[in-house]
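Keep the 3D view open while you read.

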Amino acid sequence: MRFSILTLHPELVRSPLDHSIVGRAREAGKLEVEVCDIRDHAPGKHRQADDAPYGGGAGMVMKVDVLDAAITAARSEGAKVLLATPSGRRLDQAWARELADESHLVLVCGHYEGVDARVEELVDGEFSIGDYVLTGGELAALVLVEAVGRLLPGVLGNDDSAQDESFSAGRLEYPQYTRPRSYKDMDVPDVLLSGHHAKIEAWRREQSDERTRARRPDLLVDVDPADDAR
Ligand code: 6GU
């Protein structure tokens, strides 16, 4: 799968893509990420990518002609183009799973002061990573690359690990422990040392349910009972 990140700040997004799961997946060729400087498509000596808003007001607005040129250069046949904006559709695990089936995602990073509204007509959709305002879409684009990239076949070492975890079955993850068995009066639950696989599974499930009820009851509405086979 391929991602293109269109940004006015290429240096801001490059380094995180070189590390951890995404970095390794890129090295292994499972995932390709290109970073495109929007300013390369701004004409003139000053390469101006934004301008004052019509109607007045503070701040600058990213220019539609410049963004159109950048999007046209980046997009391939069948690519899906998404604009990063706090007013977009909220990214969640279900949408991340759908996006993992795309062949090429073009992510356009707007900056917080604004993007010419006509850009909405040039993209296939808009995404947000939550209800707060970031100064630009760059960190949001990185979040999307990470959330979608790790779902691609062969990106995580263990093919089970993307499945058996928070949100995949509409529940929070069960608690995990490793050595030492006892630490400052905090003990690992006995059942995990029992070697009894069925009991361990039942306990984990119970813990998942309990945690979800206590912390994120909103996740429990609309859960398909077929997902219970975990
Ligand atoms: Cl995608 N962009 C910006 N600028 N702020 C955000 C966001 C995106 N998602 C949440 N806040």
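**Around the ligand**

I started with the ligand and found one of its nitrogen atoms 2.9 Å from a backbone N or O atom of I129. I was working with a predicted model, where local features need pLDDT of at least 70 and side-chain atom pairs count only at pLDDT 80 or more, while totals for chains, interfaces and linings use all residues. Residues are numbered from 1 along each chain as its sequence is written, and side-chain values use heavy atoms, with hydrogens and water left out.

Next I looked at Y132, where a polar backbone atom is 2.6 Å from a nitrogen atom of the ligand. For L134 I noted 3.1 Å between a backbone N or O atom and a nitrogen atom of the ligand. I then asked how much of the ligand's accessible area the protein covers. I read 99% of the 290 Å² that the ligand has on its own (areas come from the Shrake-Rupley method with a 1.4 Å probe).

**The shell**

Which residues are around the ligand? I listed A84, T85, P86, F127, S128, I129, G130, Y132, L134, G136, G137 and A140 (a residue counts if one of its heavy atoms lies within 4 Å of the ligand). By class, I have 7 nonpolar, 5 polar and no charged residues in this shell (Ala, Val, Leu, Ile, Met, Phe, Trp, Tyr, Cys and Pro count as nonpolar, Asp, Glu, Lys and Arg as charged, and the others, Gly among them, as polar). The strand β5 gives the most to the shell, with 3 residues (strands are DSSP runs of E, at least two residues, and helices are runs of H or I, at least four, numbered from the N terminus).

**A salt bridge**

My search of the whole structure gave 12 salt bridges (a side-chain nitrogen of Lys or Arg within 4 Å of a carboxyl oxygen of Asp or Glu). I picked the one between the side chains of E34 and R2, at 3.3 Å from N to O. E34 lies in strand β2 (residues 32-37) and R2 in strand β1 (residues 2-7), so this pair ties together parts that are 32 residues apart in sequence.

I found a cis peptide bond between R179 and P180, with omega about 5°. I placed P180 in the loop between α5 (138-149) and β8 (182-183).

S20 is not a glycine, yet I read a positive phi of about 55° there; S20 is in helix α2 (residues 20-27). R47 also is not a glycine and has a positive phi, about 45°. I located R47 in the loop between β2 and β3 (50-51).

Notes:
A polar contact is a pair of N or O atoms within 3.5 Å; within protein, one must be able to donate a hydrogen and the other to accept it, and residues adjacent in sequence count only if both atoms are side-chain atoms.
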